[in-house]
Amino acid sequence: AKVRHAQDAGAVAVVVANNVSEPEILTMIGGTGGDEDAAAVAIPALMIAKADGDRLRGALAVGEVTVRLRQSGDRPRMLIDGLPYAGHLGPRSEAFYKLYVGEGHGDVSFSLTPSSGYATMYVSADGLPPTYTHYGWRGSSVVSVHTADEGACTDCHYTVGVYTYGGANFTLTGTSSRAATTLLLGEPAPGQLAAGGWEYYRVDVAQHVAWLSVQVTPSEGDPDLYV
């Protein structure tokens, strides 16, 4: 429940410190919501010993603290709704990602922007990892999942497989209809809109930035931009 509440408040990751010295580490569970709470968590979280938590609080009392969480192994990386994820793949390799979509979040889109190389996305929502032959949706730059599509779901996880033959550096973003896509300064974000549709974006800038330019470059159609 702690992680779910932090996520709802806008946290991108959570570090939970034990409040007693013994046992040193406890196992985190989904909380009062059980499996429903656990399934709705889409951000990374870990638990640390009380002694480590005390040291972390002491450092926070002095100034800003940066925490870096690294995931090992082949487990899918969790995407956060609307936030871009920078990835790298070597030749003939793949990586898997998951995006949790809550109830009523409607349409979902995935955008893949390579800075070098070429990659392809395969998306599934049936609990199985997507492959070349097993997937619900496929695309090289944008994959749009509409609520009316066969296999589309809410209150569930979408799994994205990114595959490359020659290697690629890329940015992957998963966005539901209730989230604003975060733009990276200087990097274009591809998108698609149906007639009469809206798409929302956000950009984070430092206080010392003197000016900001935002532009939309249509390959077809005539979209309007409001800031």
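A cavity is a set of points, on a 1 Å grid over the protein atoms alone, where a 1.4 Å probe fits but cannot get out. A volume is the space filled by probe spheres set on the points, with grid points joined across faces, edges and corners.

**Entry 1: ground rules**

I am working with a predicted model, in which local features need pLDDT of at least 70 and side-chain atom pairs count only at pLDDT 80 or more, while totals for chains, interfaces and linings use all residues. I count residues from 1 along each chain as its sequence is written, and side-chain values use heavy atoms, with hydrogens and water left out.

**Entry 2: the cavity**

I began with empty space. Rolling a probe the size of a water molecule over the atoms shows where empty space is left. I found one cavity of 30 Å³ or more. The largest cavity has a volume of about 100 Å³. I then listed its lining (residues with an atom within 4 Å of a point). The lining holds 13 residues, and T113, T171, T173, P188 and A189 lie nearest the centre.

Which strands each supply at least two residues of this lining? They are β6, β11 and β12 (181-183). β12 gives the largest share, three residues. For these names, strands (E, at least two residues) and helices (H or I, at least four) are DSSP runs, numbered from the N terminus.

**Entry 3: strands around β6 and β11**

Next I followed the pairing; two strands pair if DSSP finds at least two bridges between them. β6 (residues 108-117) and β11 (residues 168-176) run antiparallel, joined by nine bridges. T113 has T171 in β11 as its bridge partner, and S111 stands opposite T173.

β6 also runs antiparallel to β9 (residues 142-145), with four bridges between them. There, V108 is partnered by V145.

β11 has another antiparallel partner in β4 (residues 85-89), with five bridges. Here Y85 meets L172 of β11.

Is β11 enclosed or open to the outside? Eight of its nine residues are buried, so β11 is largely enclosed by the rest of the structure. I use buried for under 20% relative accessible area, exposed for over 50% and partly exposed for in between (1.4 Å probe, protein chains only).

**Entry 4: a five-stranded sheet**

I looked up an open sheet of five strands in the order β3-β5-β10-β7-β8, with mixed pairing. Its edge strands, β3 (77-79) and β8 (137-139), each pair on one side only. The twist from one strand to the next averages 25 degrees. Those angles run from 0 to 180 degrees between N-to-C directions, and the axes are lines fitted to C-alpha atoms.

At one end, β7 (residues 120-124) pairs with β8 in the antiparallel sense over three bridges. R138 in β8 is the bridge partner of Y122.

**Entry 5: the disulfide**

A disulfide is a covalent bond between the sulfur atoms of two cysteines. My cut-off is a pair of cysteine sulfur atoms within 2.5 Å. How many does the structure hold? I found one. C153 is joined to C156, S to S 1.9 Å. The link is right-handed, with 75 degrees about the S-S bond. C156 is buried, at a relative accessible area of 15%.

**Entry 6: N18**

Last, I checked N18, which sits in the loop between β1 (14-17) and α2 (35-40). N18 counts as buried, at 1% relative accessibility. A polar atom of the N18 side chain lies 3.3 Å from the backbone oxygen of V20.

Terms used
A polar contact is a pair of N or O atoms within 3.5 Å; within protein, one must be able to donate a hydrogen and the other to accept it, and residues adjacent in sequence count only if both atoms are side-chain atoms. On a 1 Å grid over the protein atoms alone, a cavity is a set of points where a 1.4 Å probe fits but cannot get out, and a pocket is an open set with protein on both sides within 12 Å along at least five of seven lines; lining residues have an atom within 4 Å of a point.
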